[in-house]
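Please view the sequence and the structure before reading on.

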Amino acid sequence: MPGFDVERDPALLARYAADESSFAGHADGVVRTGDPETIAQVMAKASADGVPVVFSARRTSLTGAAVPEGGWVVVLPEDSSPELVTVDAEQLTATAPARVLVSDLETAAERAGCFLPIDPTSRKTASIGGAVACNASGARSYGFGPTGDWVQGLVVVLASGERLTLRRGEHPPVGGRFQVALPSGGTLTVPAPPVRRTDVKNAMGFRLRPDTPDVIDLFIGSEGTLGYIEAVTVTLLPKAEIFAALVFWDAEDAALDFVARLQADAPAGLDPMSVEWFDREALALAGARHPRLNVPSGAQAALFVEQRHPKGQEDEVMLAWYEALLEAGAPEDEAAMRVSRSKADLETFREFRHAVPESINALARQRGLRKLGTDLAYPKGWLHKMVAYYREALADLPAAVGEAGAGFADEWGQPLPQRLDHATFGHIGDNHLHVNLLPKTPAEMAAGKLLYDAMARHCATHGGAISGEHGIGKAKRHLLAEVVAPAELAQMKAIKRAFDPAGVLGRGNVFGFAP
């Protein structure tokens with residue numbers, strides 16, 4: 001008998017059959033453990049018997065990555081605390097069990113006088129292991145890139161049950177392959193995927209970091225398909241002061257022009273780490289749900305920016321932003337141009353940043369239908385063309401979906417709707433916006449899926465990525481199969497097969513591989 005219990009109570013199984021994405025699946029059993037040795041036994045047994053395994057904790061995935069397609073769900077502990085984090089302030093590193101929340105990792109770093117650059121939107125609900133597994137980013141990715149750029153070490157358990165302790169630099173690719181010595185003896189040979197592009201955000205499967213490629217990079221963005229991430233070591237930065245501004249614009253085009261200038265050649269003194277966007281619809285939803293935010297009634301768009309700077313340069317940095325914003329046409333009154341003068345101001349602005357998706361999600365729950373939120377990232381130079389395309393597609397859904405909507409009327413007994421309720425926010429500095437479609441009926445949901453796929457194909461056709469930060473999971477694997485070259489997809493499957501010959505881990509994630 002294995003040294004673990006597999007629970008099969010139907011009510012328990014149902015609890016873990018969905019995640020934040022509302023993607024639905026099914027499981028045959030649940031194993032509740034956080035013990036690495038037990039997890040190793042589970043994986044070895046599952047591999048030997050061909051039983052699919054997914055790992056589940058808080059189930060914050062937006063792509064169905066934690067949803068089982070049969071087999072076992074390994075339910076991990078959800079306890080988290082800054083005390084579980086070990087910070088080396090001299091080496092500027094922090095090490096934590098994978099289950100620790102990103103916000104607790106951030107707190108531990110701050111207590112040690114350091115700064116954590118990783119900043120996913122869901123940092124208060126997402127674990128650091130989950131952030132690594134989907135290569136999450138967030139508001140500060142404009143200045144600091146995604147989670148993977150800061151990962152220096154991992155402890156992983158493979159499908160065989162063997163445990164690897166990896167440090168960046170110890171396993172670089174040689175001759176297009178990785179060679180990894182296994183604890184049991186022998187060597188694991190794994191193909192090396194392409195180096196990640198630097199002109200577009202990309203969370204579409206396996207990619208290598210451009211500057212210091214390492215086998216660690218395969219687990220970053222692997223979405224549970226290659227192994228269980230047990231612990232994570234990340235690089236920190238020295239602590240610095242943070243200036244922030246939340247600016248409400250009367251004209252959307254003026255705000256876009258300002259972002260384009262930041263991207264191309266930022267005015268002197270401006271070096272933002274965050275450049276975030278909120279459209280008129282997103283502002284209306286957040287303002288209605290949270291009156292305390294005092295959203296100006298005529299605001300057509302808003303920008304949230306942050307910049308790190310040395311202590312003592314507060315006035316200099318504030319003046320540089322103030323002058324640049326006024327020159328760009330931002331309103332001069334304090335209700336529209338809000339700048340941080342204290343840590344409390346900064347937290348208020350960040351609260352606003354998170355209130356927007358919260359308000360969108362609340363409306364979706366109220367309607368009883370999940371939102372359809374894009375995660376598309378366009379290449380550099382595409383800012384204005386990207387926004388223009390979104391405007392056109394959202395204003396004329398039938399034109400945007402084209403022939404794909406030909407059978408809609410026969411299936412649903414009504415024509416395609418002209419438009420859907422929507423709200424857009426996100427990482428505009430990276431040409432990475434989240435367009436949230438908010439259907440009111442099942443027919444609108446079906447129409448929204450057609451529009452979602454049309455937008456994804458448009459992005460891919462023009463050199464963009466169908467996932468900028470959330471990953472592929474199960475929700476976008478059909479699109480990945482369309483937009484990735486067959487040779488590249490075959491290489492991804494070869495990497496999967498090298499680590500997981502039985503194809504049991506994260507079954508259905510990314511490309512639906514099974515032997």
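Arg140 counts as buried, because its relative accessibility is 2%, and buried means under 20% relative accessible area, exposed over 50% and partly exposed in between, with a 1.4 Å probe and protein chains only. The model is a predicted one, in which local features need pLDDT of at least 70 and side-chain atom pairs count only at pLDDT 80 or more, while totals for chains, interfaces and linings use all residues. Residues are numbered from 1 along each chain as its sequence is written, and side-chain values use heavy atoms, with hydrogens and water left out.

**Salt bridges**

Side chains of opposite charge can pair when their charged atoms come close. A salt bridge is a side-chain nitrogen of Lys or Arg within 4 Å of a carboxyl oxygen of Asp or Glu. By this rule the model has 29 salt bridges. The table gives some of them.

| Pair | N to O distance |
|---|---|
| Arg140 and Glu306 | 2.9 Å |
| Glu488 and Arg207 | 2.6 Å |
| Asp500 and Lys496 | 2.6 Å |

Helices (H or I, at least four residues) and strands (E, at least two) are DSSP runs, numbered from the N terminus. Glu306 is buried because its relative accessible area is 0%.

The salt bridge between Glu488 and Arg207 has its closest N and O atoms 2.6 Å apart. Glu488 counts as partly exposed because its relative accessibility is 22%. Arg207 has a relative accessible area of 14%, so Arg207 is buried.

Asp500 and Lys496 meet through their side chains in a salt bridge, and both residues are buried.

Glu230 is located in strand S11 (residues 228–235). The side chain of Glu230 makes such a contact with the side chain of Arg163, at 2.6 Å. Is Glu230 buried or exposed? Glu230 is buried, because its relative accessible area is 12%.

Arg507 sits in the segment after helix H16 (486–499). With a relative accessible area of 18%, Arg507 is buried. Its side chain reaches the backbone oxygen of Gly503 at 2.7 Å. The C-alpha atoms of Arg507 and Thr225 are separated by 7.2 Å, although the two residues are 282 residues apart along the chain.

**Loop positions**

Glu332 lies in the loop between helix H9 (314–327) and strand S16 (337–339). Glu332 counts as exposed because its relative accessibility is 55%.

Two further loop residues have a positive phi value without being glycine. Phi of Leu92 is near 55°, and phi of Asn431 is near 55° too. Leu92 is placed in the loop between strand S4 (86–88) and strand S5 (93–97), while Asn431 is placed in the loop between strand S19 (422–427) and strand S20 (432–437). Leu92 is partly exposed, with a relative accessible area of 22%, whereas Asn431 is buried at 2%.

The loop between strand S2 (53–56) and strand S3 (72–75) holds Gly70, and Val67 is found in the loop between S2 and S3 as well. Gly70 is buried, with a relative accessible area of 9%, and Val67 is buried at 1% relative accessibility. How far apart in space are Val67 and Ser21, C-alpha to C-alpha? They are 9.2 Å apart in space and 46 residues apart in sequence. Gly70 and His171 are 34 Å apart in space, C-alpha to C-alpha, and 101 residues apart in sequence.

Notes: Polar contact = N/O pair within 3.5 Å; in protein donor to acceptor, adjacent residues only side chain to side chain.
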